[in-house]
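Conventions and cut-offs are stated where each term is first needed.

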Amino acid sequence: MRQLSLLLAVLSLSWALATTFTALTLEELTQQADLAVFGVVENVAVEARDGEPWTVVTLTVTRPLAGELGESLSLAFYGGVLETGLSVSVVGMPSFTVGAEVLLLAYDAPYYSPIVGFNQGLWRLTELGFVDAQERLLSLNEAGALTLDGEGGDTEAILTALSQLLENR
Amino acid sequence: MRYWPVILLLVSSALALTYRVDPRGGPLDLEERVAGALAAWAGAEGVEVTARPTQDAATVIGYGSATAFGPDTHSLTVARTEAGRRALEVRLNPASPFRERALLHEVGVLLGLSPSDRGIMNPRFTHDTPSAPTADDLNALRAQREVVPEDVNRDGVVDFYDLWLLAQSFGRSGVNLPADINRDGVVDRADLALLQAAYIFAAPAETPPATLARPPQTAPPAALPEGEEAP
């Protein structure tokens, strides 16, 4: 565990942010989400929009949680590298890897980042559980309530709890 | 179309930065507001900041599209490379109620500060976010001038732990990466060479410095490795 903490500390030191955004609670994240989904990243492609690069991420929906969702969902994020050589990288912008399993809360709107809270409504499924951009584990506490920072927990139970939270909005 | 260029020079340190201010897409008083933000940071004792106009700055402070920011985002820092020329763009959300605080934060970054989990350098804003640099923020700016760039973890000695941090972020690109010793936006062999030249060869301490042993900071991830497929 100490090694993990050390590694996370090292990674934190390696990151540098400038992009600013409002810190949101879990309740605010779920309240503001138009779309909520657990899925697998199937494709990541960059396209030009008005000459600027946007990265289009396509997910296969494993479990729809909120919003009108089909079998797949595509979200566009500002930034990427065009064939012209133009490279745009937004500090703090979520990045995606094909094959990754992700849980996300998103706006149904063409924002620079459609993720609620810029990057706060995004968790990647790892061996430790659902990890957010701050390396926190989405968890269930002893009372069975979802928390943004805890010891993790059963993936299915977390998804069920999140689904209920979204239904009760 | 009119550009309002500004040069920012941190006197008596190796850090010298050049800026342009572009007020298109938002309130036209951006030049004055940038000057105000600079003045707020210049209040740190022992820190001198001067600003002068220039035409060819690679760093631009301007506005983004208000409708594209969404309700949560107050500013973006954008690294752009086009035709081999690297540029850094700060884009403020013209509709954000935190616009002034975002500008203060971004100017702090441009002065070389890394984000923190406190004060104006915390990129995650709440209603408790201060409207001016705090004593901690100003101390961080002052301290930055007192540590050699090769001391990546800023513990006062260039040693194994600095090398370790550099190795962990080797290949990354971004803004104010601690291991980007020459401040060219990427952690590479040039930084390793600088660290090697300053390295004090000794057995590492049995316990890591506090900056390594502390819990993870609250700052979310940022700087992407060069060429990574995502934005």
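## Terms and conventions

Two strands are said to pair if DSSP finds at least two bridges between them, and the strands themselves (E, at least two residues), like the helices (H or I, at least four residues), are DSSP runs numbered from the N terminus. This is a predicted model, in which local features need pLDDT of at least 70 and side-chain atom pairs count only at pLDDT 80 or more, while totals for chains, interfaces and linings use all residues. Residues are numbered from 1 along each chain as its sequence is written, and chains are lettered from A and ligands numbered from 1 in the order in which they are written.

## Make-up of the two chains

Chain A contains three helices and 11 strands, and its elements follow one another from the N terminus as α-β-α-β-β-β-β-β-β-β-β-β-β-α. Of its 169 residues, 43% are buried, where a residue counts as buried if 20 or more other C-beta atoms, placed from the backbone, lie within 10 Å of its own, as exposed if there are 12 or fewer, and as partly exposed in between. When contacts are taken between residues at least 6 apart in the sequence of chain A, 49% of them join residues at least 24 apart, a contact being a pair of residues whose C-beta atoms, placed from the backbone, lie within 7 Å.

Chain B has seven helices and seven strands, arranged from the N terminus as β-β-α-β-β-α-β-β-α-β-α-α-α-α. Buried residues account for 43% of the 231 residues of chain B, and of its contacts between residues at least 6 apart in sequence, 61% link residues at least 24 apart.

## The open sheet of chain A

Six strands of chain A form an open sheet in the order 4-3-2-7-8-9, with antiparallel pairing. Strand 4 (72-78) and strand 9 (130-131) of chain A stand at the edges with a single partner strand each, so one side of each has no neighbour in the sheet. Within the sheet, strand 2 (residues 35-49) of chain A is joined to strand 3 (residues 52-66) of chain A by 13 bridges in the antiparallel sense, and A:Val44 stands opposite A:Val57 of strand 3. These two strands form a hairpin with two residues between them, and A:Asp50 in the turn has a positive phi of about 55°.

Strand 2 of chain A also pairs with strand 7 (residues 101-106) of chain A, over six antiparallel bridges, and here A:Leu35 has A:Ala106 as its bridge partner. Strand 7 of chain A continues to strand 8 (residues 122-125) of chain A through three antiparallel bridges; A:Leu104 stands opposite A:Leu122, and A:Val102 is the bridge partner of A:Arg124. Strand 8 and strand 9 of chain A then pair over two antiparallel bridges, with A:Leu125 facing A:Phe130 as bridge partner. In the hairpin of strand 8 and strand 9 of chain A, four residues lie between the strands, and A:Gly129 takes a positive phi near 130°.

## Nonpolar cores and buried residues

A nonpolar core is understood here as a set of buried Ala, Val, Leu, Ile, Met, Phe, Trp, Tyr and Cys residues joined through C-beta atoms within 7 Å. The largest such core has 76 residues, and those with the most contacts inside it are A:Val37, A:Val90, A:Leu104, A:Ala106, A:Val116, B:Ala37 and B:Val107. Apart from neighbours within four places in sequence, B:Ala37 is in contact with B:Leu103, B:Leu104 and B:Val107. A second, separate core of 11 residues includes B:Val152, B:Ala179, B:Val187 and B:Leu195.

In helix 5 (residues 160-168) of chain B, the buried residues are B:Tyr161, B:Asp162, B:Leu165 and B:Leu166. Seen down the axis of helix 5 of chain B, these residues fall within an arc of 145°, so they line one face of the helix; the arc is that of the directions from the helix axis to the C-beta atoms. B:Asp22, in the loop between strand 2 (16-21) and helix 1 (30-41) of chain B, counts as buried because it has 20 C-beta neighbours inside 10 Å. The C-alpha atoms of B:Asp22 and B:Val90 are 10.0 Å apart, although the two residues are 68 apart in sequence.

## The two domains of chain B

Chain B is assigned domain 1 (4-144) and domain 2 (149-231), with bounds that come from an automatic or database domain assignment. Between them, 12 residues of domain 1 of chain B are in contact with eight residues of domain 2 of chain B. On the side of domain 1 of chain B that touches domain 2 of chain B, strand 5 (73-82) and strand 6 (85-92) of chain B each supply at least two residues.

The residues on that side of domain 1 of chain B divide into six nonpolar, three polar and three charged, where Ala, Val, Leu, Ile, Met, Phe, Trp, Tyr, Cys and Pro count as nonpolar, Asp, Glu, Lys and Arg as charged, and the others, Gly among them, as polar.

Notes. Contact = placed C-beta atoms within 7 Å.
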